[in-house]
Amino acid sequence: MNNGRKFVKSIFQVVTSRGIMLASEIFIGLVLPKILGVSGYGYLKIYSLYTAYTALLHFGFADGILMRFSGLDYEALNRREMRTYSRFFIIFQLAISGLFLLGSAWFLSGDYQFIGVMLGINLLIVNLTAYYQFISQATQRFKELSERIVLLSAVKLILIALLYGRYRSFGGQPVPYQWYIAAANVAEGMLLLWYIYTYRDITFGHADTIAAHKNEIWTLFKSGICLTLAYQVAHLVLVLDRQFVSMFYATEVYSLYAFAYSIIAVFTKLISSVSQVLFPMLRRIKMEAAISYYPKAQKAVAIVAGLALAGYFPLTWMIQWVLPEYTGALEYFRVVLPASMFTSCISVTMFTFYKVLDENMIYFKSGCIALAVGIGMNISAQMIFRTPAAISWASVLTVAVWYLMAGRYFVLQYGIRWKRDFLYILFLSCVYYVISFLTENWLGGLFLYGCGYLGVTAWYLFFGRDVCFAQRQ
């Protein structure tokens, strides 16, 4: 009972903080494109596109920490040992960041040199922050994690307010995108310093030598690298269409395309926050009991993600009113939004259970297959139709294939029945597409989709069984 209350409380804390972050990012997402201008916003989104790749440069160490210590209480951690890990990782990331900065300064020029330098600084900040956040997540210190999410959101809101004041003071002249990137790095750096202070007892003080724990450090790299590669392949699948658009089209076109995804990311971040609580909780219980949560989690995530599609209709009106220069992004937004149902189920439910079962390599392989399929589909879409919209449709088909590939393990190994889940997403996507393409009035579209959503969800919830728990031999 206490564990159940703790789980619900943790979910509430994380989702509440993510909800505050959601509200701030909606505001930022509407103001930032306006004050930076289409070209400046495009460069910002190119920078954002590559920040996710820098997570690969901890080479699995941070993920190894998460895997090793998930389910433990913070008080149970060996302080001397953890100080060794912390010092090693700080030195390691400083070296990588230094090499990245030198390479950017030497080989790049212009806007891309600035972006490269900022990426070098950002990788140090983000990877060290991830290390401490994974310790918070592993030891279930979700109140602490939530407070820092709220703090970072507040700092970014203040930053946007200052930049908007500058924008108005200069008569609507776009703010240099370099200002925002540099200031955002400062804000994230402040968060890292707070983490270092919070975890000073496992960062400073007497520690064992790195040589004394070289075998354990190597084990952390080995246990985490599969998870890191799985994350990165998943990221590649998700951003593949944006990579193609950035390669084949002008920065202004990419700016519109990336703006559509920035809106979608706001919703998916809120849904994905549940996995932060789900993973360490499941690590504490027996495997047979853990797998019984799978169909329930899959159903809950699909229903919430399906409800999020309703946001398309009021957002179209809002964007046309507030950001008329970005109305071209709505073409892509409409197409790719249903893909968020597939990706939410994959990242929240499937990936969490792969981590719990320590089958990250299987998830990695399914991601590689999806990546190969996506490359083929995107190349075909570009060669045949030569439009960003065609690449959008290719991305939706890619994540649908990925959903089937990633879920195949649970079907074969645990007898999970998948057809009803897949058909629910498919039917709801069709309802959304028909209404969004045929209805111009956003209020009417919202009402019609609401009716369709209730009907399809009622069928999903109340007809048929979902799962067979007998593990196949």
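Start at Phe410, which touches Ile291, Tyr294, Met350, Phe353, Tyr354, Leu357, Gly415 and Ile416, leaving out residues up to four places away in sequence. Touching, or contact, means heavy atoms within 4.5 Å. Phe410 also belongs to the largest nonpolar core, a set of 105 residues, where Phe410 is listed with Tyr180, Phe333, Trp402, Tyr424 and Tyr449 as touching the most other members. A nonpolar core here is a set of buried Ala, Val, Leu, Ile, Met, Phe, Trp, Tyr and Cys residues joined through side-chain atoms within 4.5 Å. Helix 1 gives this core the most, with twelve residues. There's a second, separate core too: it has 30 residues, including Phe88, Tyr131, Phe134 and Ala138.

Before going on, a word about what you're looking at. This is a predicted model, in which local features need pLDDT of at least 70 and side-chain atom pairs count only at pLDDT 80 or more, while totals for chains, interfaces and linings use all residues. Residues are numbered from 1 along each chain as its sequence is written, and side-chain values use heavy atoms, with hydrogens and water left out.

Now zoom out. The protein chain has 18 helices and zero strands; helices (H or I, at least four residues) and strands (E, at least two) are DSSP runs, numbered from the N terminus. Of the 473 residues in the protein chain, 53% are buried. Buried means under 20% relative accessible area, exposed means over 50%, and partly exposed is in between (1.4 Å probe, protein chains only). The accessible surface of the protein chain is about 21,100 Å², and 69% of that belongs to carbon and sulfur atoms. Those areas come from the Shrake-Rupley method with a 1.4 Å probe, and for residues only the protein chains shown count as cover. As for contacts between residues at least 6 apart in sequence, 86% join residues at least 24 apart.

Next, see how two helices meet. Two packed helices are described by the angle between their axes and the distance between the axes. Helix 2 (residues 61-69) and helix 7 (residues 214-248) have axes that come within 6 Å and cross at roughly 100°. That makes helix 2 roughly perpendicular to helix 7. Axes are lines fitted to C-alpha atoms, for helices over the stretch in contact, and angles run from 0 to 180 degrees between N-to-C directions. Angles under 35 degrees count as roughly parallel, over 145 as roughly antiparallel, 65 to 115 as roughly perpendicular and the rest as oblique. On the helix 2 side, the contact is made by Phe61, Asp63, Gly64, Ile65, Met67 and Arg68, while helix 7 brings residues including Leu220, Phe221, Leu227 and Tyr231. By class, this contact has eight nonpolar, four polar and three charged residues.

Phe59 has a positive phi of about 55° although it isn't a glycine. Its relative accessible area is 37%, so Phe59 is partly exposed. Arg386 also has a positive phi, near 55°, and is likewise a residue other than glycine. Look for Arg386 in the loop between helix 15 (360-384) and helix 16 (388-414). With a relative accessible area of 58%, Arg386 is exposed.

Beyond its neighbours within four places in sequence, Tyr199 is in contact with Tyr74, Tyr132, Ile135, Ser136, Arg141 and Glu144. Tyr199 and Arg83 are 116 residues apart in sequence but 9.7 Å apart in space, C-alpha to C-alpha.

Ser97 sits in helix 3 (residues 79-107) and is buried, at a relative accessible area of 5%. Not counting residues up to four places away in sequence, Ser97 touches Gly120, Ile121, Leu123 and Leu124. Leu128, in helix 4 (residues 110-138), is buried at 6%. Thr457 lies in helix 18 (residues 442-462), and its 8% relative accessibility is why it counts as buried. Setting aside residues up to four places away in sequence, Thr457 touches Ile303 and Tyr424, and Tyr424 is one of the residues listed for the largest nonpolar core.

Terms used: Ala, Val, Leu, Ile, Met, Phe, Trp, Tyr, Cys and Pro count as nonpolar, Asp, Glu, Lys and Arg as charged, and the others, Gly among them, as polar.
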